[in-house]
Every structure is written in structure tokens, then in C-alpha cells.
Amino acid sequence: MSDWLIYGIGMLAQIFFSGRMILQWILSEKAKKVVSPSIFWILSILASYLLFIYGWIRDDFAIILGQIISYYVYFWNLGIKGILKKIPTIIKVLLLITPVLAIGYMMLDWSYHFERLFRNDDIPLWVVIYGSAGQIIFTLRFIYQWLYSQKRGESVLPRGFWIISLAGSLIIISYAIYRKDPVLILGQSTGAFVYTRNLFLLRNERKRAAEEKSKIITEE
């Protein structure tokens, strides 16, 4: 497969990832608070699907691991938002089983895939571990978001989500620089800006809430 096609798949995934963050940021700026729009999760599942394929082609375990962990959290949010009901069954099944089939395929010839992913001369083991750690931290934001949303009974994006996002993103950017991966560098740099902006929005939101509460108490 040509490098142009490989990078094209990765760039399309990052366009979806970056697009979801930019739309979420714009809608949050408009609402003056951090929101969790349906389009965020739709673009997330599409981007994750493509980036999983990109990671597979590039023999990049860090990318594959990150997408497998977060993929089904995106599915859960699509369900909470009521979006899954609107998707044709055949597409839902395809999206649902693709990562499972990929893992099953790897297990059929584990020794070959182990060599391909962990003993690749182009990617030293310590780099794989470092990149995987960044992906795990980055993906934990969705586990956190899922647990937080489960408690609330609705899909929300809390402050902890953005803090974990920023920490994981910075690690992945440094990993991508070492790997000379323009796809990850572009996507994560855009994301890091939005994560930082959302933290400022949340701070301002809390400040306004505290001022309003203080004003009510004073009036009473």
C-alpha cells in the first residue's frame, strides 16, 4: 500500500478527531459552558475506526491499543444520546465487530504479530511502551467520562476529562515527534489547544456560578 494512501487514512481520521473537538469547542463557547453534543460522538466513532486501520497498517501497537480501549466508550455514548437507534443494523454490527475480528485475527498467528508489533526495528520497545503509556492515559479520559456519566445518567464531559486529555496528548505529541508521524502531531496539537480552552471555560463557568451564588446569598 502506498504511503500516500496510508497517511491519507490517518489524516482523514485526524480530521474527524480534530473536527469533533473544534465543533465541541464552538458549541461550548456559544453555550458559555462545556457541552457534549451528539456530533462529537459520531465523529469520534468514525475517526477511531479509521485510526485503528491506520495503526494496524503502520504496525503501531500504541495507536491500536488506544483505539480499542476508547472505541466502545464511544459506542456507549452514542447509545445514551439515542443515536444508535437511528443507525442501520448492518452498519452497527460492522462497527461493533471490526475490532473483535482484528484481535481474533491476531490471535490466530500471535507469534508473527508479536514480532511485527513489538520487535520492529523501526520502533524500539521502549518507544512502544512510552507511546502505549500515553495512549492509555489519553484513553482513560473516556473511562473516566463513562463512569462520571453513568453516575449522572447523561453524557457529559467533566473537568477531569479535559485534564487527562491534555496530559495524554502531550505525551503522544512527544511520541509522534520521535516517530516522525505527521498524522499524530497534527491531530494531537489541535486537540491540546481545545483541551486547554475547555479548562478555561470550565474555570469561568465555576467562577460565574460562585458569583451568582454569592449574589443570591447577599440578597437574602
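Q: How many salt bridges does the structure hold?

A: The structure holds three salt bridges. Side chains of opposite charge can pair when their charged atoms come close. A salt bridge is counted when a side-chain nitrogen of Lys or Arg lies within 4 Å of a carboxyl oxygen of Asp or Glu. The model is a predicted one, in which local features need pLDDT of at least 70 and side-chain atom pairs count only at pLDDT 80 or more, while totals for chains, interfaces and linings use all residues. Residues are numbered from 1 along each chain as its sequence is written, and side-chain values use heavy atoms, with hydrogens and water left out.

Q: Which parts does the salt bridge of Arg197 and Glu29 tie together?

A: The side chains of Arg197 and Glu29 meet with N and O 2.5 Å apart. Arg197 belongs to helix α8 (residues 182–219) and Glu29 to helix α1 (residues 3–31), so this pair links parts that are 168 residues apart in sequence. Helices here are DSSP runs (H or I, at least four residues), numbered from the N terminus.

Q: Is Arg58, the partner of Asp181 in a salt bridge, buried or exposed?

A: Buried means under 20% relative accessible area, exposed over 50%, and partly exposed in between (1.4 Å probe, protein chains only). Arg58 has a relative accessible area of 18% and is therefore buried. Asp181, at 0%, is buried too. The closest N and O atoms of the pair are 3.2 Å apart. Arg58 sits in the loop between α2 (38–57) and α3 (61–80), and Asp181 in the loop between α7 and α8, so the pair joins parts that are 123 residues apart in sequence.

Q: What is the relative accessibility of Arg152, and what is that of Glu154?

A: Arg152 has 48% and counts as partly exposed. Glu154, with 37%, is partly exposed as well. Their side chains meet in a salt bridge (3.5 Å, N to O).

Q: At what angle do the axes of helix α6 and helix α7 cross?

A: Two packed helices are described by the angle between their axes and the distance between the axes. Axes are lines fitted to C-alpha atoms, for helices over the stretch in contact, and angles run from 0 to 180 degrees between N-to-C directions. Here the axes of α6 (residues 125–152) and α7 (residues 159–179) cross at roughly 160 degrees and come within 8 Å. This makes α6 roughly antiparallel to α7, a term for angles over 145 degrees.

Key: Helix = DSSP H or I, 4+ residues; strand = E, 2+ residues; numbered from the N terminus. Parallel < 35°, antiparallel > 145°, perpendicular 65-115°, else oblique.
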